[in-house]
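I opened a notebook for this chain and wrote down what I looked up, one topic at a time. My entries follow the order in which I asked.

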Amino acid sequence: MHQLEAAPPVDAAPGAPARILESIRLIAAHYGLWFAEAVHQFGLEGALQAERAAGDAAVGLALSRLGGGANPFEGWAPESLHQMEESLSKFWLGMDGVWFQAVEGLAGMDGAKRVNDTCWARFAPLEAVRIKSLLGIPPGADPLDALEACLRQRFNSRVNSVLMEREPGALVLRVTSCRVQAARRRKHLPDYPCRSAGVTEYEGFARAVDPRIRTRCLACPPDPLPEGEYCSWRFSLD
């Protein structure tokens, strides 16, 4: 006969705070897996369409289950809201970095770059679509005006310093302070060669704002850049 093992005592289970953090982690992973597999099965456009419906419903569920039907941030002071946005943006960047390092440890730099580029090919259009919806940009808006407004709301524009300049028929974005590259330079390391990811990221973001926008990389590592200069990008219409 097999003796059944007794259930562990209640006090041996992880504490409630740890369980809540683990729940958030698993919910985020599950949501991401749904989106990734939808891209695989139906293509990016189909996945973005599904995410629009699923995401709207998920926000409603979150407000119902966790916020009593109301947005819990509505009553916050502007300074507190700004700090929360800053913290979330830095958390996003840190999360991206730990995933890169984890995959690099598993499959080397080339493997990490492949995964990174694929993630940007999916995340940048999703970020653009969500920001465009959040800002309420109408379908007939000027493409470059819409792009500039959306670029200003990106995670990357919060964690880095960016400068945007308008030219006739074009918009130029210059990253004047990059947290990742600046940290590497402080350690006397070479710039991370992010051009492939940058092209994927900015092309995908701009195209999701308006498919008529074309993106050209003006400079990005591994291009040799002077101290204090980072990547720059030019957006124009067909």
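At roughly what angle do the axes of helix 2 and helix 6 cross, and within what distance do they come? Before answering, I noted that this is a predicted model, in which local features need pLDDT of at least 70 and side-chain atom pairs count only at pLDDT 80 or more, while totals for chains, interfaces and linings use all residues. I also noted that residues are numbered from 1 along each chain as its sequence is written, and that side-chain values use heavy atoms, with hydrogens and water left out.

**Entry: helix 2 and helix 6**

I looked up what is needed to describe such a pair: two packed helices are described by the angle between their axes and the distance between the axes. For helix 2 and helix 6, I found that the axes come within 8 Å and cross at roughly 25°. This makes helix 2 roughly parallel to helix 6, since angles under 35 degrees count as roughly parallel, over 145 as roughly antiparallel, 65 to 115 as roughly perpendicular and the rest as oblique. The axes are lines fitted to C-alpha atoms, for helices over the stretch in contact, and the angles run from 0 to 180 degrees between N-to-C directions. The helices themselves (H or I, at least four residues) and the strands (E, at least two) are DSSP runs, numbered from the N terminus.

I recorded the crossing of helix 2 and helix 6 as right-handed; a crossing is right-handed if the near helix is turned clockwise from the far one by less than a right angle, and left-handed if anticlockwise.

**Entry: Lys132**

I followed one residue of that contact further. Lys132 lies in helix 2 and counts as partly exposed at 22% relative accessibility, where buried means under 20% relative accessible area, exposed over 50% and partly exposed in between (1.4 Å probe, protein chains only). Leaving out residues up to four places away in sequence, I found that Lys132 touches Ile137, Cys150, Ala208 and Val209. I also noted that Lys132 and Leu151 are 19 residues apart in sequence and 9.8 Å apart in space, C-alpha to C-alpha.

**Entry: helix 3 and helix 6**

Here I found an angle of about 125°, with the axes of helix 3 and helix 6 9 Å apart, which makes helix 3 oblique to helix 6. The crossing of helix 3 and helix 6 is right-handed. On the helix 3 side I listed Pro143, Ala146, Leu147, Cys150 and Leu151, which meet Tyr202, Phe205, Ala206 and Val209 in helix 6.

**Entry: salt bridges**

How many salt bridges are there by the rule used here? With a salt bridge taken as a side-chain nitrogen of Lys or Arg within 4 Å of a carboxyl oxygen of Asp or Glu, I counted 12 salt bridges.

The side chains of Glu201 and Arg154 meet in one of them, at 2.8 Å from N to O. Glu201 lies in helix 6 and Arg154 in the loop between helix 3 and helix 4, so the pair ties together parts that are 47 residues apart in sequence. Glu201 counts as buried at 7% relative accessibility, and Arg154 is buried with a relative accessible area of 1%.

In another, Asp145 pairs with Arg166, the closest N and O atoms being 2.9 Å apart. Asp145 lies in helix 3 and Arg166 in strand 1, so this pair ties together parts that are 21 residues apart in sequence. I noted Asp145 as partly exposed at 42% and Arg166 as partly exposed at 41%. Asp145, Glu148, Arg152 and Arg166 are linked in a network of salt bridges.

**Entry: cysteines and Gln181**

I searched for disulfides (pairs of cysteine sulfur atoms within 2.5 Å) and found 0. Cys194 is in no disulfide, and the nearest cysteine sulfur, that of Cys220, is 3.5 Å away. Cys231 is buried, with a relative accessible area of 13%.

Last, I looked up Gln181, whose place is in helix 5 and which is buried at 3%. Leaving aside neighbours within four places in sequence, Gln181 is in contact with Asp191, Tyr192, Cys194, Pro221 and Tyr230.

Technical notes. Contact = heavy atoms within 4.5 Å.
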